[in-house]
Amino acid sequence: MHLTVNGDVQDVDAPDHWTLLEVLRYRLGLTGSKQGCDKGDCGACTVLVNGNPMISCLVLAREAEGRAITTIEGLMPAHLGAGGVGADPVQDAFDRCGALQCGFCQSGTILSARALLWETPNPSETEIRNALAGNLCRCTGYTQILQAVLLAAARSRGVDPAPRSWETPPPPKETP
Amino acid sequence: MASRDLHGIDPPWGEFRHVGRASRKVDGLAKATGAAVYTDDISLPGMLHAKLLRSPHAHARILAIDTTRARALPGVRGIITGEDLPVKYGILPWTQDETALAVSKVRHVGEPVAAVAAVDEDTANEALKLIQVDYEPLHTYTDPFESLSRNDPPIHEHHKTGNISKHVHLSFGEVDAALSRADVVVEDDYFFHGTTHAAIEPHCALARYGAEGVLTLWSSTQISHYVHRALAHVLGLPAHRIRVIQPCLGGAFGGKSDPFSLEFVTAKLSMLSGRPVKLLYTREEVFYTHRGRHPMHMRYKTGATRDGRLTGVDAKIVIDGGAYSSFGLVTTYYAGQLLTGPYDFPTYRFDSTRVFTNKPACGPKRGHGSVQPRFAFEVQLDEIAEKLNMDPIEIRRRNLIAASTTTVNGQRITSNGVAQCLDFVEKASGWTSRRGRLGPGRGLGVAASMYISGTNYPIYPNPMPQAAVQLKVDRSGLVTVFSGANDIGQGSNSVAQYLVAEELGLALDQVRVVSADTDLCPVDLGAYSSRETFMVGNALIDACRKIRPQLVQAVADKWKVDGTRIRFVNGVVGDLEDASHSMSATEAICLAEERFDALGATGAYNTPTLGGDYRGGTIGASPAYSFTAHVAEVSVDIETGRITCPNVWIAHDCGRALNPMLVAGQMEGSAYMGVAEALMEHHDVYPSGLHKGPSLLDYRIPTSVDTPALHALIVESLDPEGPYGAKEAGEGPLHPSIPAISNAVFDAVGIRLRQLPFTPGRVLTALRARAKEVSAETARAGGPR
């Protein structure tokens with residue numbers, strides 16, 4: 001079969017019953033997409049298909065033929081290709097905010113967040129929570145993930161995000 | 001002994017450059033870009049795939065196993081059963097009762113019975129179907145109270161105390177007299193249900209046995225050192241011919257602390273086949289592997305004086321251990337030993353008994369052994385406050401244990417910021433102005449807790465260092481840290497970078513960390529008991545303080561000045577008294593390498609002698625304790641019985657916050673997990689022993705939509721023995737969330753929830769009982785009918 005992954009057209013030979021996730025991980029070596037449950041419950045395997053988040057363990061690889069697949073490995077090259085510096089701003093914001101503890105679920109979460117910000121560049125906290133509801137995270141309690149998405153959104157608009165919970169407020173100014 | 005030196009809490013070069021800042025993690029961008037390599041991301045040439053055949057019975061004798069048809073299947077390269085790996089192991093040397101594959105009997109549904117290695121997963125799965133196992137089912141124990149009273153049939157033959165795994169009875173002071181003198185006594189039963197870790201990465205292991213006779217195991221473990229020891233023990237290989245590597249780890253929370261079947265099975269199959277072998281558990285297998293939080297049936301009796309001072313606490317606890325010992329001996333002690341703070345108990349007694357049942361074995365989960373008693377006691381303390389008509393925060397304040405003191409059971413307390421924790425959550429939650437005024441069905445509840453920062457009790461008693469690191473410094477200007485510690489996402493490798501850069505005055509990017517590879521790194525005991533920041537941090541400072549004088553002397557000699565004038569700051573070296581003197585830290589390292597030859601140092605840490613002078617007195621003894629207080633806000637729907645928790649305020653005393661962003665992440669993650677245990681999660685089996693929902697859909701862990709707003713408030717009581725004063729942050733902040741929710745529900749609708757989880761059914765039952773009580777009271781008072 002022929003798959004279009006991160007802009008490359010790849011010729012893949014795999015059993016018919018293999019999922020897109022299996023082909024990405026075990027044929028194409030794109031191991032950034034993770035398998036947490038293999039039945040669509042956790043969202044760790046989320047990839048973008050034609051720009052929309054999709055759970056790759058519930059899609060047969062064959063069904064993805066002819067569609068543009070973006071994995072976590074594709075974001076930074078695309079950002080650099082568009083003249084950016086370093087990682088994709090969403091990836092960078094996740095790192096900047098401490099949202100990556102074990103990191104296992106985050107490639108899926110980052111891709112869901114990426115798709116949200118393409119669609120809704122200035123999302124509310126509720127919109128972010130709703131958009132990420134299919135990506136289970138067991139480490140963070142989601143707080144720093146929300147902060148990361150808000151940071152990425154704010155940066156793209158060139159504004160400062162609200163201070164984060166662990167940021168110590170500046171000491172009060174001395175009065176004369 | 002150098003490793004027990006106190007390093008002090010002050011910045012090494014006048015002011016902190018890295019400590020206390022929200023620096024990025026060493027592996028953050030690698031994880032964000034998908035470049036980080038986890039165990040299942042590794043493939044080796046010629047690699048086979050292994051699968052386990054698991055028991056469908058909860059308790060049965062194995063009469064025969066026939067693998068003939070499976071062996072004949074093309075593509076099958078190896079099959080093993082219990083007879084091939086008969087040596088018993090277990091995390092604690094005194095209770096080794098597990099085998100990698102069942103020998104002669106199975107003790108829970110899902111226990112591994114046979115393993116197949118084949119050229120691909122499909123072939124391995126096909127082969128499993130061809131293995132014929134004849135079982136003779138035995139009586140299944142699922143009720144812990146039945147295991148208490150009955151030994152026939154025994155779950156473990158030859159176990160000296162029958163189906164009782166461990167019993168501990170400890171008493172401190174005259175509890176009965178103290179309770180009889182109390183003005184108010186509350187006695188009640190509490191139940192904490194089973195919950196599991198549900199790390200998103202399933203367990204995975206990859207073994208390669210080479211022709212040179214060296215076994216390499218990549219495993220998703222949080223304790224490489226104990227896996228290393230267990231492999232040597234079970235396989236009969238000398239430890240120096242085994243290398244254990246922990247790649248990037250996708251969450252653990254205690255669930256990857258035991259040595260597991262897959263580690264031995266892949267190793268053995270690789271030795272037999274001569275090919276690398278990988279085994280990745282399915283999500284269902286992870287649930288049957290479990291080692292999660294022990295269900296506890298707890299009876300507490302607490303007395304207090306009229307002004308709210310505790311007089312005594314009496315506890316009786318029955319612990320449902322599941323099929324194997326795991327860490328259970330420690331759990332049985334922790335269930336009692338860790339309750340004696342943050343309140344001063346004048347007298348205390350506990351009796352805890354862990355029993356075997358035919359369920360997946362329980363083990364350590366975040367807040368090992370102490371989350372359950374904390375729930376019971378904090379709810380009971382609220383009941384006492386209610387009886388005394390006292391504010392729940394006030395009763396806690398009146399009983400706080402001091403800093404620099406000893407608890408009733410002999411645990412040494414050093415730093416203690418619990419009073420400030422209570423102040424912070426009181427203020428941030430608007431306790432005084434909002435409590436009682438939130439409107440119908442809404443309420444606030446408080447709870448506090450204490451937890452260990454490492455334990456002075458190594459899993460196997462030995463006088464060698466509990467933490468050790470090695471530094472390599474060379475002319476490139478890079479310091480490489482070799483640390484045996486397991487970074488499981490909590491950030492221990494990042495903390496190592498911050499501490500070394502701080503201590504040697506380098507820029508962060510001048511320090512890289514190699515960790516958890518037994519060939520490269522000195523022995524560290526691993527990621528458990530919240531020990532890594534405290535112990536590894538001290539070992540790092542110890543190592544740096546051997547290198548630092550060499551760097552300083554080389555520069556001082558070059559500039560012909562006294563070494564006390566030299567400052568290393570963020571990669572630049574200066575002279576306090578002569579601004580014209582300046583060089584890069586890399587130049588200084590070159591000078592030192594020229595002067596002292598190759599540069600390097602080891603550092604180590606061991607706890608001081610701690611604990612009470614009685615059998616078990618060292619279990620729960622820690623070089624420092626963290627303290628926490630939470631206020632939870634709830635809303636109870638009295639029609640449906642559903643509780644929602646919109647806000648949790650978390651104040652945690654972590655000593656010095658080495659990186660407040662990572663500390664906040666640990667606090668938020670802990671509180672999230674506590675709220676989840678209170679309201680959503682339940683790990684349980686049917687009477688047959690079959691799991692009630694071994695998937696991430698049925699075992700309901702919160703999504704981003706279910707999780708409350710979590711407000712992290714960091715309290716820093718600098719600890720005299722922690723690295724720059726730091727203590728733990730990863731487990732303590734889980735404890736109070738659960739009782740704080742129960743107490744908030746009482747505040748909201750007047751019902752006491754003493755049984756977990758707080759399901760809508762339980763809430764509705766309690767609300768109905770409460771309504772009956774109220775109408776009876778009204779009738780007695782001659783009120784309106």
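Mentor: Start with one residue pair: B:Ile566 stands opposite B:Asp575 in S23(B). This is a predicted model, in which local features need pLDDT of at least 70, side-chain atom pairs count only at pLDDT 80 or more, and totals for chains, interfaces and linings use all residues. Residues are numbered from 1 along each chain as its sequence is written, while chains are lettered from A and ligands numbered from 1 in the order in which they are written.

S22(B) and strand S23 (residues 572-575) of chain B run antiparallel and are joined by four bridges. Strands (E, at least two residues) and helices (H or I, at least four) are DSSP runs, numbered from the N terminus. Two strands pair if DSSP finds at least two bridges between them. In general, strands of a sheet pair through backbone hydrogen bonds, either parallel or antiparallel.

The pairing belongs to an open sheet of three strands in chain B, ordered S22-S23-S24 and antiparallel. Its edge strands, each pairing on one side only, are S22 (566-569) and S24 (582-584) of chain B. From one strand to the next, the twist averages 20°.

Across S22, S23 and S24 of chain B lies helix H16 (residues 585-596) of chain B, which runs at about 85° to S24(B). Axes here are lines fitted to C-alpha atoms, for helices over the stretch in contact, and angles run from 0 to 180 degrees between N-to-C directions. Two residues are in contact if their C-beta atoms, placed from the backbone, lie within 7 Å.
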